[in-house]
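Take a moment to turn the model around on your screen before reading on. The report below walks through a few parts of it, one at a time.

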Amino acid sequence: MMTDSPTTMASPLLGGRLDDPLWRLHHLYWIENKAGHMQRFTPNAAQLRLHRNLWHRNAVLKARQLGISTYVAMLMLDHCLFTPNFHAGIIDKTLPDAEQKLEKVRFAWEHLDYLPPHPTEQERALAFLGSLLKQRSGALRRNEWHPVADARNRLAFANGSDIRLGTTLRGGTLQLLHVSELAHVSVHAPWRAREIRTGAVNTVPAEGTIILESTHEGGRFGVNYELTLQAMENCAREQLSPLDFRFFFFSWFDNPDYALRGTGSWTDAQAQYFEKLEKEHGLPLTRGQKLWYARMERTMGAAMRQEYPSTADEAFSTGNDGAIYGAQLALLRESGRIGADFRFNPQEPLYSAWDLGLSDHTAIWLVQHYGGNVYWLNHYAANQLPLEHFAGKIHEWQRRYGPIATHFLPHDAAHRDPHGQSYVESLAHCGISAVRVVPRTPDIWRGINNLRMLLPRSWFHPDTLQQRINPRGEKEPSGLACLEMYRSAPASASGAYRDTPVHDAASHSADAARMFAEALSHGLVAPMRFSKKRALM
């Protein structure tokens with residue numbers, strides 16, 4: 001039976017450097033590279049920057065394939081091997097995705113004693129040390145996940161340390177938590193994102209470490225955006241507490257592999273984009289990087305700036321997969337038309353556009369339309385509240401802005417309820433007159449395209465970017481965020497013969513905005529006047 005520790009036995013061979021965690025990360029662990037070949041893990045520039053600046057709580061916004069999850073996997077294994085009773089957890093968007101990350105740990109442990117062909121003396125010493133570590137840590141035990149039971153996959157070591165995985169990981173205490181692709185979860189399973197924030201994050205004490213790493217989607221809304229924004233705001237603070245998140249951003253050009261050799265060119269629009277990065281952000285790009293970006297953008301299309309952002313703000317300006325108004329809104333952001341602090345023009349008529357819900361959301365936009373442009377002044381949405389509540393919001397707006405010329409409601413507003421009263425008549429009883437019911441458009445995509453044509457001439461006031469707090473104390477998406485999040489499900493997923501807009505919390509406000517575009521297409525809005533009057537800036 002061995003009595004000496006691996007550190008004691010290997011010190012004569014390795015010069016006593018085993019106490020340095022960074023040295024261990026550079027020398028002890030093996031991974032499979034992208035080509036499927038064995039490779040000793042050596043942290044790249046992005047991984048090193050994260051490691052050297054790692055805080056108790058870390059929010060990492062990144063481009064694809066920078067190796068952050070591989071670094072965290074090696075960090076977990078290192079802690080488990082050299083710290084008794086160390087507990088780590090992995091959360092990913094799906095359980096199979098989390099299992100893949102756990103497999104990186106298993107692979108590295110199984111190959112601690114790997115001896116490459118034609119080894120050097122140091123490589124022999126490292127393999128010998130690896131064999132000692134494997135003996136000391138013991139065979140890993142793995143509980144197979146069962147779809148009915150609440151058992152989670154787990155790697156356990158003889159020193160009491162272990163790594164668990166799951167999709168929420170509520171309960172217990174963890175010293176290191178890795179949450180991957182929280183942005184995807186925030187968009188596609190927001191209830192689970194809230195569970196991660198309120199449950200899993202609280203399993204890590206102040207002296208522990210949390211690493212949230214994600215390629216962003218969903219625009220400026222959701223748990224991932226809120227936590228990342230907090231971390232960005234913390235950049236201005238001189239000192240962080242252990243409970244404050246530290247912000248990291250890794251762009252596509254932080255990966256030296258994202259460059260091409262040879263000849264080629266890029267479009268004029270791409271040239272302007274590269275010039276803007278260099279002038280406004282001080283980000284000079286090599287010819288090889290520009291060639292890579294140009295070729296990748298041909299493949300990725302509108303998703304390029306989501307998957308491979310150059311700046312943090314660029315990552316937030318993109319919507320999610322299938323974003324219906326994503327391209328138009330991205331151009332508005334670049335031109336400064338979103339969040340522009342203009343004042344409404346009291347000489348021009350005001351309009352409201354509605355989407356109605358009885359036991360669902362009701363959404364309203366306040367709009368002006370003149371001088372060649374559409375000005376979106378305000379937005380309101382709520383769920384499961386009586387009609388009087390929304391009438392009260394209209395009266396509040398009229399006290400602030402003045403009389404609203406016309407209220408545009410969808411076609412079902414004319415339908416009568418079991419008591420024989422229509423929504424239009426109910427609004428009249430609440431003091432809301434001048435209501436026009438917009439005829440039903442047989443094809444929703446016709447109405448969507450009407451709004452798409454209207455958006456390039458639009459301005460969005462900061463009030464449309466404000467989030468509302470619901471009765472549960474949770475933040476609801478702003479009107480603008482709803483337009484950014486409004487997306488379509490592919491035909492294969494929706495069961496339809498073609499893409500279908502997703503009906504979710506964002507769709508109501510998007511439908512209300514579409515109602516104004518349809519009212520305009522039906523000639524219900526006063527003709528646009530090209531006068532010298534503009535919104536008062």
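Helix 4 and helix 5 cross in a right-handed way. This is a predicted model, and in it helix 4 (residues 68-82) packs against helix 5 (residues 95-110) at an angle of about 55°, with 9 Å between the axes. That angle makes helix 4 oblique to helix 5. If you want to find the place where they touch, look in helix 4 for Ser69, Thr70, Ala73, Met74, Leu77 and Leu81, which meet Lys101, Lys104, Val105, Ala108 and Trp109 in helix 5.

Helix 10 (residues 268-281) and helix 11 (residues 287-300) pack at about 130°, and their axes are 11 Å apart. Helix 10 and helix 11 are therefore oblique to each other, and their crossing is right-handed. Here Gln270, Tyr273, Phe274 and Glu278 of helix 10 meet Lys290, Tyr293, Ala294 and Glu297 of helix 11. This contact is made up of 4 nonpolar, 1 polar and 3 charged residues.

| Helix pair | Angle | Axes apart |
|---|---|---|
| Helix 4 and helix 5 | about 55° | 9 Å |
| Helix 10 and helix 11 | about 130° | 11 Å |

Now for the whole chain. How many helices and strands does the chain have? There are 20 helices and 20 strands. The chain has 537 residues, and 53% of them count as buried. Among contacts in the chain with a separation of 6 or more, 71% come from residues 24 or more positions apart.

Is strand 3 (residues 57-62) largely enclosed or left open by the rest of the structure? Strand 3 is largely enclosed, because 6 of its 6 residues are buried. In a regular strand, side chains alternate between the two faces of the sheet. You can follow both faces of strand 3: Arg57, Ala59 and Leu61 are buried on one side, and Asn58, Val60 and Lys62 are buried on the other.

Strand 3 also has partners. Strands in a sheet pair through backbone hydrogen bonds, in either a parallel or an antiparallel sense. With strand 9 (residues 209-214), strand 3 pairs in the parallel sense over 5 bridges, and Val60 has Glu213 of strand 9 as its bridge partner. With strand 10 (residues 245-250), strand 3 again pairs in the parallel sense, over 6 bridges. There, Lys62 has Phe250 of strand 10 as its bridge partner.

Between strand 3 and helix 4 there is a loop, and Gln65 lies in it. Most residues other than glycine have a negative phi. Gln65 is not a glycine, yet its phi is positive, at about 60°.

In which order do its 6 strands come? This open sheet runs 15-14-11-12-13-16, with mixed pairing. Strand 15 (435-437) and strand 16 (458-460) are the edge strands, each pairing on one side only. From one strand to the next, the twist averages 30°. Inside the sheet, strand 11 (residues 350-355) runs parallel to strand 14 (residues 406-409), and 3 bridges join them. Ser352 stands opposite His407 of strand 14.

Helices also lie across this sheet. Helix 15 (residues 387-401) lies across strands 11, 12, 13 and 14, running at about 145° to strand 13. Helix 20 (residues 507-521) lies across strands 11, 12, 13 and 14 too, running at about 40° to strand 12.

Ala434 has a positive phi of about 55°, although it is not a glycine. With 38% relative accessibility, Ala434 counts as partly exposed.

A last stop is another alanine, Ala193, found in helix 8 (residues 190-200). Is Ala193 buried or exposed? Ala193 counts as buried, because its relative accessibility is 1%. Setting aside its neighbours within four places in sequence, Ala193 is in contact with Leu182, Val185, Ser186 and Val223. From Ala193 to Val223 is 30 residues in sequence, while their C-alpha atoms are 6.2 Å apart in space.

Conventions:
Residues numbered from 1 in each chain as written. Predicted model: local features only at pLDDT ≥ 70, side-chain atom pairs only at ≥ 80, totals over all residues. Heavy atoms only, no water. Axes fitted to C-alpha atoms, helices over the stretch in contact; angles between N-to-C directions. Helix = DSSP H or I, 4+ residues; strand = E, 2+ residues; numbered from the N terminus. Parallel < 35°, antiparallel > 145°, perpendicular 65-115°, else oblique. Left-handed = near helix turned anticlockwise from the far one by under 90°. Contact = heavy atoms within 4.5 Å. Pairing = 2+ DSSP bridges. Buried < 20%, exposed > 50% of the residue type's maximum accessible area, 1.4 Å probe, protein only. Nonpolar A, V, L, I, M, F, W, Y, C, P; charged D, E, K, R; others polar.
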